[in-house]
Structures are given as structure tokens and as C-alpha cells.
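The entries follow the order in which I looked things up.

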Amino acid sequence: MQELVSRRGFLRLGAAAAAGAAASSVLSACGGGSAAPAAKAQGLTIKLPAYTPLPSALTPDLPGNATGVPEGYFSYPKQLFKAVTKPPMSGGTVKIAVQTFSPPPPGRGENPAWQEVEKRLGGTADVQAVTSDDWPTKFNTMVAGGTLPDMFTYISTQGVNNLPAFVASQCTDLTALLGGDAVKDYPNLAAIPQVFWKQGIVGGKLYGIPVPRNMVGGLGFYRADMFAEAGVTDLSQISDVDRLFEVLKEVTRPKDNQWGLVTASGGVYGLSIFSQLFGAPNGWRLENGKLVHAIETEEYKAAVEYVRKLREAGIVSPGSEGFDGLKRKNEFNAGRAALVYDGLPAYLGPTGFLQTSKKIDPAADPRPITPIGPATKASLNNVVVSITMLKKSDETRAKELLRVADFFASPFGSEEYTLFNYGVEGTDFKRDDKGNPVLTEQGDRDTTVPWKMIAAPTQALFDSSSQEAVKVMHDAITKMIAVGVEDPTVGLYSPTYENKYESLFTMRTDRVTSIVAGRAPVSDLDQLVKDWRAQGGDKARAEFEEALKQSPKVG
């Protein structure tokens with residue numbers, strides 16, 4: 001089950017005071033308003049874009065496969081290839097608003113990489129890069145003010161109420177433009193497997209272009225160097241969660257300010273790690289045609305009890321439930337915690353756990369946690385970072401914007417991918433003695449334009465600092481996907497779940513946190529399930545089951 005990230009504090013149309021009457025008018029234009037969500041359950045009945053792998057231009061050092069295991073590369077290709085032979089635009093401007101996790105970039109006038117992107121694009125890219133903290137406010141303001149750009153990020157936890165009505169009114173329906181073989185007009189988009197496209201379905205139609213991640217969010221990370229001090233040199237030596245508890249207790253040394261687990265605000269004491277190790281569902285699970293939610297299962301209850309036991313045993317870093325993500329990462333990197341939850345993308349690269357921890361201690365050995373014991377079920381919950389929607393337009397303009405998306409989805413090793421990630425050679429990056437691109441000081445700034453958040457290929461594994469780390473990551477993802485579980489409701493629509501998600505989520509998070517923190521007994525979990533079912537869970541279940549009946553097996 002994925003890390004619980006609270007939606008409280010995020011602005012949503014119909015609830016944002018700042019949007020006020022303007023939000024109400026937009027919602028009315030969208031076909032109802034937050035009080036009147038789309039009434040019917042919707043199944044997955046459309047023809048998804050036909051997966052068409054690109055002709056092989058590179059030979060990976062570690063092959064990927066059809067289950068979602070990515071390709072791995074030990075060095076960056078020296079001979080780049082062109083992924084888009086013709087500029088996707090013939091003049092004009094494309095307006096783009098996209099979420100970013102990087103500092104503001106220099107404007108195009110001082111940014112040779114931006115200038116080169118526009119040269120290859122064949123038009124002007126008017127990009128609004130909005131920080132993740134500011135994105136909810138910015139998105140709501142754009143919708144309420146009727147100023148949506150041509151292409152924009154959509155994140156479900158920071159979006160609108162009554163999503164089907166919103167997209168029908170404001171966005172381009174991509175079902176016919178990309179469904180089936182139609183996607184082959186955009187070869188880089190066609191190379192994205194169907195599992196990613198499911199994330200862009202709203203109300204039974206395709207509205208979103210996926211920005212892929214690597215299938216699994218992961219089980220978190222552990223310090224192999226600290227585990228080795230407890231006699232564990234390989235996770236295969238840990239047979240089950242009871243043995244893991246013993247190891248975490250052994251590495252906990254309060255006198256040395258060293259703990260088994262560091263958590264952070266927004267997560268329930270690392271429950272994301274342990275719910276997967278106990279085999280809890282990824283959201284929902286289908287059993288004999290009936291849906292069962294994670295909180296209704298014995299596996300989830302066992303995980304909650306286990307995490308409470310960790311806290312009671314003094315294994316959790318004191319006060320860390322109030323840490324922000326950066327503080328949590330710093331504690332782990334500094335060797336003050338042996339276990340931490342974070343998503344797999346946080347491992348490789350110059351800002352990842354591997355390189356940042358080794359700057360503190362060259363002997364540090366952070367690694368992804370791999371399945372422990374036979375019960376582990378890894379959640380396939382890291383399928384996309386977001387989706388990109390297109391503002392409603394005529395077919396000619398929509399096809400041009402799809403060519404723009406195809407351009408930004410250029411694959412690893414292409415000239416375009418290299419430009420988006422490293423900028424212009426000689427100015428923004430230089431090759432090291434192994435031929436790997438290394439950013440210059442200017443490149444550090446120029447490449448913060450979030451091109452890769454507009455559209456992207458499936459992610460290859462590469463880290464210029466360590467071939468071994470690429471092997472470790474490839475092996476970890478392989479093992480997790482082998483026991484991976486998808487949420488069977490992905491691509492389906494339940495009006496009750498859409499409308500009640502926030503209240504159900506908040507109820508679950510608050511009460512589970514109270515149980516783990518010792519403010520409520522474990523038996524309160526039974527009452528939580530009853531309340532969750534009565535306040536919308538059962539109705540959502542019935543709607544999802546109806547949607548499943550409408551859905552033939554696809555992709």
C-alpha cells in the first residue's frame with residue numbers, strides 16, 4: 001500500500017476560499033459543481049493506445065522486459081540518435097503550466113538549453129514552472145479564472161471535484177486521437193505501455209498523457225552498512241518480519257543517536273513499508289468478484305500492530321513523525337536511521353540517497369529494500385508522477401500538441417532526451433573520462449526547466465557515479481515487480497469515491513496514527529472499518545464493482 005500523503009491542506013475547486021464565486025461559476029460550466037458529481041460508475045471500455053516499442057537504437061547493459069522492469073545502462077551513449085526527425089510545430093506558441101520540484105530556471109534569454117529546445121520544437125515554449133508547494137493554488141486559480149494553458153499538469157490529489165464534468169468541459173478527449181493504432185502517429189508516445197495509459201482515463205475516456213515512473217514506489221531504503229554491523233550482509237538472510245524486528249532493535253542505539261526507523265509527517269510511522277511486507281492490498285483487492293479494501297484485511301491490521309510494536313520498542317527515531325521529507329532524508333543519510341520510506345526515484349542521480357549519503361560518509365551503503373519473506377506484495381503504485389491534459393481545442397491544434405508531447409517523450413540516449421536532461425554540450429555539460437555527461441555550473445541552472453514533467457518516456461536506469469548502483473536498482477525492481485499487485489480499480493470511476501475520498505482518507509489516516517502512537521487501542525481499527533464502510537466505503541465498493549462488470553480485459 002502506498003505512502004499515505006494527506007490531501008488536507010491541498011486546495012480543491014469547490015472548497016478553496018480564494019477561488020470563491022469564480023470557482024462556483026467554473027464548476028457550473030463544467031456541468032454541475034462539487035455538490036453534484038457525475039452520477040454513474042464508469043468502467044474501462046475504451047481501446048487503449050496500442051503499445052508499439054521503438055526500433056532498438058541502443059543495447060542496454062541490463063535488459064528490461066514486458067512486465068515493466070526498466071533497461072539499465074552503465075554508461076551514457078556516446079553516439080546519440082535523433083528521436084524526432086521533423087519539428088512538431090511550424091511556428092506559433094505552446095503555453096504550458098507544469099509542476100516542478102526544482103528551483104526556478106533562467107529565462108530563455110539567458111538559457112541556451114531553452115533556446116535549443118525551441119529551435120528543435122519549431123515554435124515558442126511559454127513554460128510556467130510552478131513549485132510543488134504552490135501548484136494547488138496556481139492550478140485552482142487557472143481553472144477559476146478560465147486561463148488554462150494549452151498543456152498542463154493534472155495531479156489527482158490536487159485537482160478538481162467532479163473531474164468527469166471538468167474534463168468534458170475544459171479538456172481535449174484523446175480517446176479517438178490516441179486509441180488503438182492511432183497512437184502510432186506519435187511513435188514515442190506509442191512506446192509507452194498500456195498500464196501507464198490507464199492512469200489518464202477519466203469517466204471512461206482518455207484525457208491524460210502519462211508521465212511515467214517505474215511501476216513500483218518501492219519498499220523504502222535501508223543502510224546495508226548498518227545492517228552488516230548486525231550480521232546481515234544480504235536481505236535474503238532475513239526470513240520474515242519477526243527477524244526484521246530483531247535486526248532493527250539491534251541497530252537501535254539511543255546513546256549514539258542511532259535508530260532503526262525514521263519516519264516523517266504525512267506518513268503513518270513508515271506503514272507504507274510494512275503494509276507491503278505483510279501483503280496488504282494496493283488500495284483494493286479483487287476476491288471472487290468482490291472488492292476488499294486494504295483496511296478491511298488481516299494483513300493491514302497486522303501491519304498496524306507491527307508498527308505500533310516498533311514504536312513501543314523505541315525503534316522509531318523520537319519526534320520524527322513531525323519531520324519534513326528533507327529532515328527525514330538527512331537523518332537517514334547521516335547514519336542516524338537504518339530504515340526510511342521514500343519512493344524508488346529518490347535513489348539514483350546527483351540528489352539521490354546514494355550520492356548524497358556518500359558525500360557525508362564514503363562507507364555509507366544505502367540500498368532499496370527488497371521483498372522480505374513470502375508474504376510481501378509490492379504495490380504497483382508508482383506508475384506515473386502525474387498526467388498532462390490538453391486544453392480543449394480543434395482537432396488540428398490537438399494533433400499539434402500531441403506532436404509536442406511526443407517530442408518531450410523522446411527516449412533515453414536520444415539527442416532530445418539529452419537536451420532536456422543535460423542541456424547543450426560544451427555549455428551546460430561536458431563528458432567525463434568515461435563519456436558520461438556532467439553538468440557545468442551553468443547546466444545546473446539551465447536544466448531546471450521541467451521539460452520531463454510535460455511528457456516522458458519510460459524511465460531507464462542510469463547513474464554516472466556507480467555501475468553497481470544501477471545493478472542494485474535493476475535487481476530490486478525486478479524482485480518487486482515479480483510480487484507486484486495493481487489496484488483493480490485503476491481506470492474506473494466511482495462518483496462516491498471521488499466525492500468522499502478526502503473524508504475517508506482523513507478518517508483512516510488520523511485514526512490509524514492514533515492507534516500506532518498509542519492514543520487509541522488496536523481494537524479501534526475494527527470500529528474504523530465499520531465507520532469507513534458506513535460513510536461511503538460500501539457505496540464506493542458497489543460502484544467500482546459495477547464499473548468492473550462494464551470493463552472487458554484490456555492491455
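This is a predicted model: local features need pLDDT of at least 70, side-chain atom pairs count only at pLDDT 80 or more; totals for chains, interfaces and linings use all residues.

Residues are numbered from 1 along each chain as its sequence is written, and side-chain values use heavy atoms, with hydrogens and water left out.

I looked up the secondary structure, taking helices (H or I, at least four residues) and strands (E, at least two) as DSSP runs numbered from the N terminus. The protein has 19 helices and 18 strands. Its radius of gyration, taken over C-alpha atoms with a globule rule of 2.2 Å times the number of residues to the power 0.38, is 23 Å; the rule gives 24 Å for 555 residues, so the protein is as compact as a globular protein of that length. I found that the C-alpha trace spans about 65 × 60 × 45 Å along its principal axes.

I then checked burial (under 20% relative accessible area, 1.4 Å probe, protein chains only). Of the 555 residues, 55% are buried.

Helix H15 (residues 415-422) is mostly covered, with seven of its eight residues buried; among them are Tyr-417, Leu-419 and Phe-420. I listed its cover, which includes helices H2 (112-121) and H14 (395-408) and strands E15 (429-431), E16 (437-439) and E17 (461-462). After H15 comes Gly-423, with a positive phi near 80°.

Notes: Buried means under 20% relative accessible area, exposed over 50%, partly exposed in between (1.4 Å probe, protein chains only). Contact means heavy atoms within 4.5 Å.
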